[in-house]
Amino acid sequence: MKIHFREQYGTKGEEILYVTPADQKSIVRVPLRTDKLVIREKFFLFRLMQQIFLPRGYPDSVSEDYAAYQIWDTVQAFSSTICGTLCTHAILKGLGVGNENINAYSATVTWILKEGSGHLGRILFSWWKGAQLDVESKKWRLRADFLNDCAMGIEIYVLPKYPHLSTYILCSTTVLKAIVGVAGGATRAALTQHQAVRGNLADVSSKDSSQETCVNLIASFVGLYFLTIIKSPGVLYSVFAFVVVMHLYANLKAVKAVCLKTFNESRYLITLEEYFKSGRMLPPKQVNKLERVTLGQTVSVSVNIRLGLSIKHLVDEYQNSLVIENIISSFDPHERFIIAESKKFLGVYLHFDTQPQDVLKAYFFAVSYLQDRNQIKEKYWEVHNKWQEFYNMALQEGWLTSQHLLMVDEYRLNWKA
């Protein structure tokens, strides 16, 4: 028997040999029968569900944290839909459905005002916080669901008690939900981009949408069932509170399951602290576990570091041209950044040719400066060598350094002319 080819679908798929038996001339396809394969062949429905709801090539085509995140994301979506069903009932009652004294016109006006408030809230929030959604995607993912639960809580607990204020209450809660829509949608896109390791963003996104649609469909019927058996406000409040707690817990677990390999300020500071303390580079998985996803940061700096500032800040602070020239001369002429301290912050000024690696390097120098304000002038090349060591160790641990998620303003300048 001659073996021509050995074939496998992904790293965990079916293995097949293409062979020519000793007494034949034609090539024969021979599946390698393992216990795992026999189980999969028995459960045709399992394979069908995998093809419908999981990206092509799973698990090789997605990040390692995909399964853990999607499990908890499914739980939170299920809980959120049940809460939404209960709230829809409360909203319709608040609009006067079933009340003979409320006409269709007044209910329509309330609905239009509610939706208009949501549109306005969506625009204003995008303008106010849009740039931070990439930088702190985990935090805003969690905050979005917290705000959503707050809005639904107001509709469940407050709206029935103050029906004469229904228009104002619904406009307020719709603004909160509009913020949720912007923050949740944007952060979901950022997480999907992280999970699509083969450039299969559309496939991962569409399968995620299919999963959520299926879960929402099932949860809607569960919510309707709850409405038929809930006969008192006390039971309604208890059910809603329980589902909200489950929703927030599932969201927290989902966000904590994500392992991002790009530096934002929080992850970068955790990594830098460990490096300056022990000379060791923490891997992405460990740093993501240490990163706070609620409030605050695990590691903070004594002075706020602002990247990509206008040189006007530096000129206004020092004014004297000799002082400014002295600051510029402290850095190697080939560097693409300048660091100078002001009264309220540490400014990092970037060159026109600045690349993502230069921004990471500038932040490294800024943190080094805050540790010892004489380092850059007196030990410049020592800090430079530390940066090279840090950068190489980061690459070895799997950090992505070709991009970053640090908050950088858009001013660029040239001091080499």
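Begin by selecting Glu341: this residue is buried, with a relative accessible area of 19%. The model on display is predicted. The cut-off for the buried class is under 20% relative accessible area, and Glu341 is therefore counted as buried at its 19%.

**Glu341 and its partner**

The side chains of Glu341 and Arg373 meet in a salt bridge, with 2.9 Å from N to O. Glu341 belongs to strand S6, while Arg373 lies in the loop between H14 and helix H15 (375–378). The two residues are 32 apart in the chain, and the pair links distant parts of it.

**Lys361 in helix H14**

Next, select Lys361, which is found in helix H14. Is Lys361 buried or exposed? Its relative accessibility is 8%, so Lys361 counts as buried. Which residue forms a salt bridge with Lys361? The partner is Glu335, and the closest N and O atoms are 2.8 Å apart. Glu335 sits in the loop between H13 and S6, 26 residues from Lys361, and this pair too links distant parts of the chain. Both members of the pair are buried.

Display the surroundings of Lys361 as well. With its neighbours within four places in sequence left aside, Lys361 is in contact with Tyr268, Glu335, Phe337, His384 and Trp387.

**The largest nonpolar core**

Now select Tyr268, Ile305, Ile339, Val348, Tyr363, Phe364 and Phe365. These residues have the most contacts inside the largest nonpolar core, which has 50 residues in total.

- helix H10 (265–278) and strand S5 (305–307)
- helix H13 (321–329) and strand S6 (337–341)
- strand S7 (346–350) and helix H14 (356–371)
- helix H16 (380–397)

Which element provides the largest share of this core? That element is H14, with 10 residues.

Centre the view on Ile305. Apart from its neighbours within four places in sequence, Ile305 is in contact with Leu346, Val348, Tyr363, Ala366, Val367 and Leu370. Another core, of 14 residues, lies apart from the largest one; Leu86, Cys87, Met152 and Ile156 are among its members.

**The domains**

Colour the chain by domain. The protein is divided into domain 1 (1–51), domain 2 (63–258) and domain 3 (262–403). How far apart do the C-alpha centres of domain 2 and domain 3 lie? The distance is 38 Å. The contact between these two domains takes 10 residues from domain 2 and 10 residues from domain 3.

**A patch on the surface**

Switch to a surface display and select Phe44, Leu45, Leu48, Met49 and Ile52. Together they form a nonpolar patch on the surface, with about 450 Å² of accessible area. Within this group, pick out Met49, whose place is in helix H2 (residues 44–53). Met49 counts as partly exposed because its relative accessibility is 34%.

**Two backbone details**

Proceed to Pro59, in the loop between H2 and helix H3 (66–94). The peptide bond that leads from Tyr58 to Pro59 is cis, with omega near 5°.

The second stop is Gln319, in the loop between helix H12 (311–318) and H13. Its phi is near 65°, a positive value in a residue other than glycine. Gln319 is exposed, with a relative accessible area of 64%.

**Further salt bridges**

Lys312 forms a salt bridge with Asp316, and the closest N and O atoms are 2.7 Å apart. Both residues lie in helix H12, four residues apart, which is about one turn of the helix. Lys312 counts as exposed at 55% relative accessibility, whereas Asp316 counts as partly exposed at 42%.

How many salt bridges does the count come to? The count comes to 14.

Technical notes: Residues are numbered from 1 along each chain as its sequence is written. This is a predicted model: local features need pLDDT of at least 70, side-chain atom pairs count only at pLDDT 80 or more; totals for chains, interfaces and linings use all residues. Side-chain values use heavy atoms; hydrogens and water are left out. A nonpolar core is a set of buried Ala, Val, Leu, Ile, Met, Phe, Trp, Tyr and Cys residues joined through side-chain atoms within 4.5 Å. Buried means under 20% relative accessible area, exposed over 50%, partly exposed in between (1.4 Å probe, protein chains only). Contact means heavy atoms within 4.5 Å. Patches are made of residues with over 30% relative accessible area and no salt bridge: like charges are joined within 9 Å, nonpolar side chains (Val, Leu, Ile, Met, Phe, Trp, Tyr) within 5 Å. Accessible areas come from the Shrake-Rupley method with a 1.4 Å probe; for residues, only the protein chains shown count as cover. A salt bridge is a side-chain nitrogen of Lys or Arg within 4 Å of a carboxyl oxygen of Asp or Glu. Domain bounds come from an automatic or database domain assignment.
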